[in-house]
Amino acid sequence: MSDVTRDAKSDPWARLRAATPARVGLGRAGAALPTSAGLEFQFAHARARDAVHSSVDWAGVAAGLAPLDLIHVHSAAPDRPTYLRRPDLGRQLADRDWPELVLDDAPDVVFVIGDGLSADAVTHHAASVVQACLPLLASLKIGPVVLAAQARVAIGDDIASRLGARLVVTLIGERPGLTVADSLGAYLTFAPKPGIKDSARNCISNIHGQGGLSYEHAAAKISWLVKEALVLGLTGTGLKENADLKSIGSS
């Protein structure tokens with residue numbers, strides 16, 4: 001008899017809890033949650049808050065990307081509190097950083113890494129995702145990786161447009177939840193330019209190490225979308241992701 005079957009006899013919620021990280025069937029102590037469940041919830045809430053308010057370890061991300069060429073920029077949001085209150089500033093590049101975005105040859109693809117709403121996601125996963133993508137995109141000209149502090153997704157459009165890239169892949173920390181606080185998202189935009197609509201992007205989300213997409217799966221999806229986008233000349237609602245992931249191990 002399996003542990004789940006055995007537990008189900010005394011706890012009818014055991015089978016469901018074994019299939020999902022969601023908080024179900026937690027029980028109660030009087031009118032409140034049991035102490036263990038209450039403490040676990042408070043810890044998850046604290047992790048989510050920390051992920052939003054903390055800073056990316058940019059030195060660690062840069063080390064994980066070595067020996068790739070890097071460009072460091074900052075959004076128009078001067079600090080984290082302003083960034084959280086003013087999403088519009090996180091979508092704009094700081095004026096002082098425009099001169100940094102000059103290349104002799106326009107690349108096919110540029111990767112932009114922004115902190116978004118989870119510094120932990122970027123610190124833990126972003127460099128590994130980029131490194132996993134590069135061998136799959138070896139036939140394309142890849143520009144320097146741009147590290148953008150206090151950045152929202154749309155800042156990638158400004159950056160890639162300035163660099164003359166045909167397509168931008170923006171890796172950014174997703175809004176943390178009470179199950180996963182370090183989930184990374186990838187946003188792909190063909191012919192990026194300021195003001196482009198979100199419907200013109202493709203998104204791959206849930207990249208993390210706790211049951212989400214593995215780096216290998218994420219890289220396979222990203223590379224498939226990149227190549228299809230460059231052939232078809234579009235991303236967004238007109239491009240449906242249909243990557244064949246059978247050759248890749250489970251996430």
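**Notebook: first look at the chain**

I started with the surface: the protein chain has about 12,700 Å² of accessible area, and 52% of that belongs to carbon and sulfur atoms (Shrake-Rupley method, 1.4 Å probe; for residues, only the protein chains shown count as cover). I'm reading a predicted model, where local features need pLDDT of at least 70, side-chain atom pairs count only at pLDDT 80 or more, and totals for chains, interfaces and linings use all residues. Residues are numbered from 1 along each chain as its sequence is written, and side-chain values use heavy atoms, with hydrogens and water left out.

**Overall build**

I looked up the secondary structure and found nine helices and six strands (DSSP runs numbered from the N terminus: helices are H or I, at least four residues; strands are E, at least two). Of the 251 residues, 45% are buried (under 20% relative accessible area; exposed is over 50%, partly exposed in between).

**Helix α7**

Next I went to α7, residues 119–133. Its 15 residues reach 21 Å from first C-alpha to last, close to the 21 Å expected (1.5 Å times one less than the number of residues). Where does α7 bend? I found the bend at H125, about 45 degrees (the angle between axes fitted to the seven residues ending there and the seven starting there). H125 is also buried, and so are others in α7, including A121, V122, V129 and C133.

**Helix α9**

Last stop was L232, in α9 (residues 215–232). I put L232 down as partly exposed because its relative accessibility is 48%.

Definitions and conventions
Buried < 20%, exposed > 50% of the residue type's maximum accessible area, 1.4 Å probe, protein only.
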